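Subject: A structure for you to look at

Hi there,

Here is the structure I promised to pass on. Have a look around first, and then read my notes below.

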Amino acid sequence: MSLKITDECINCDVCEPVCPNNAIYQGDIIFEIDPAKCTECVGHFAEPQCVTVCPVDCIPKDPLHTETQEQLMEKYQSIINASCNNSDST
């Protein structure tokens, strides 16, 4: 399941740089997470880095985007493969 940032976000910007998949971005009001890129850091870390650094605990699992650990790993592999293919073509 991907994560989401709630409206309790204080826009402190500590989550965006720690996301290994570049899934976090500045939205219109608060930071947001792209569920297509969020793997909860599966493949990179044992726990989601954004959750670890968030000072206000505003990054829960997103019930609208449920995924198993296996699905998150498949998404991670897909992101890594796409990244490798993009770097090969440059």
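A residue is called buried when its relative accessible area is under 20%, and exposed when that value is over 50%, with partly exposed in between. Asn 21 has 9% relative accessibility, so Asn 21 counts as buried. Please keep in mind that this is a predicted model.

Let's stay with Asn 21 for a moment. Asn 21 sits in the segment before strand E1. Which residues does Asn 21 touch, not counting those up to four places away in sequence? They are Lys 37, Thr 39, His 44 and Ile 79. With two of these, there are polar atoms to look at. A polar atom of the Asn 21 side chain lies 3.1 Å from the backbone oxygen of Lys 37. The Asn 21 side chain also makes a polar contact of 2.9 Å with the side chain of Thr 39.

Is Asn 22 buried or exposed? Asn 22 is exposed, at a relative accessible area of 57%. Its phi is positive, about 55°, although Asn 22 is not a glycine. Asp 57 has a positive phi too, near 55°, and is likewise a residue other than glycine. You will find Asp 57 in the loop between helix H1 (49-53) and helix H2 (69-88), and Asp 57 is exposed, with a relative accessible area of 61%.

Now for the cysteines. A disulfide is a covalent bond between the sulfur atoms of two cysteines. How many disulfides does a search of the whole structure find? The search finds zero. To see why, remember that the two sulfur atoms would have to be within 2.5 Å. For Cys 41, the closest cysteine sulfur belongs to Cys 19 and is 6.1 Å away, so the distance is too far for a bond. The sulfur of Cys 58 has its closest cysteine sulfur in Cys 54, and because the distance is 3.7 Å, that pair is too far for a bond as well. Cys 41 is buried, with a relative accessible area of 7%, and Cys 58 is buried at 3% relative accessibility.

Another cysteine, Cys 15, belongs to the largest nonpolar core, which has 15 residues. Cys 15 is listed among the residues with the most contacts inside this core, together with Ile 5, Ile 24, Ile 33 and Ile 59. Leaving aside neighbours within four places in sequence, Cys 15 is in contact with several residues, including Phe 31, Cys 50 and Val 53.

On to the charged residues. Side chains of opposite charge can pair when their charged atoms come close. The structure holds two salt bridges. One of them joins the side chains of Lys 61 and Glu 40, at 3.0 Å from N to O. This pair links distant parts of the chain: Lys 61 is in the loop between H1 and H2, while Glu 40 is in the loop between strand E2 (31-33) and H1, 21 residues apart. Lys 61 is partly exposed at 47% relative accessibility, whereas Glu 40 is buried at 8%. In the other bridge, the side chains of Lys 75 and Glu 67 meet at 3.1 Å, N to O. Here Lys 75 is buried, at 12% relative accessibility, and Glu 67 is partly exposed, at 24%.

Enjoy exploring!

Best wishes

Note on methods:
Residues are numbered from 1 along each chain as its sequence is written. This is a predicted model: local features need pLDDT of at least 70, side-chain atom pairs count only at pLDDT 80 or more; totals for chains, interfaces and linings use all residues. Side-chain values use heavy atoms; hydrogens and water are left out. Buried means under 20% relative accessible area, exposed over 50%, partly exposed in between (1.4 Å probe, protein chains only). Helices (H or I, at least four residues) and strands (E, at least two) are DSSP runs, numbered from the N terminus. A polar contact is a pair of N or O atoms within 3.5 Å; within protein, one must be able to donate a hydrogen and the other to accept it, and residues adjacent in sequence count only if both atoms are side-chain atoms. Contact means heavy atoms within 4.5 Å. A nonpolar core is a set of buried Ala, Val, Leu, Ile, Met, Phe, Trp, Tyr and Cys residues joined through side-chain atoms within 4.5 Å. A salt bridge is a side-chain nitrogen of Lys or Arg within 4 Å of a carboxyl oxygen of Asp or Glu.
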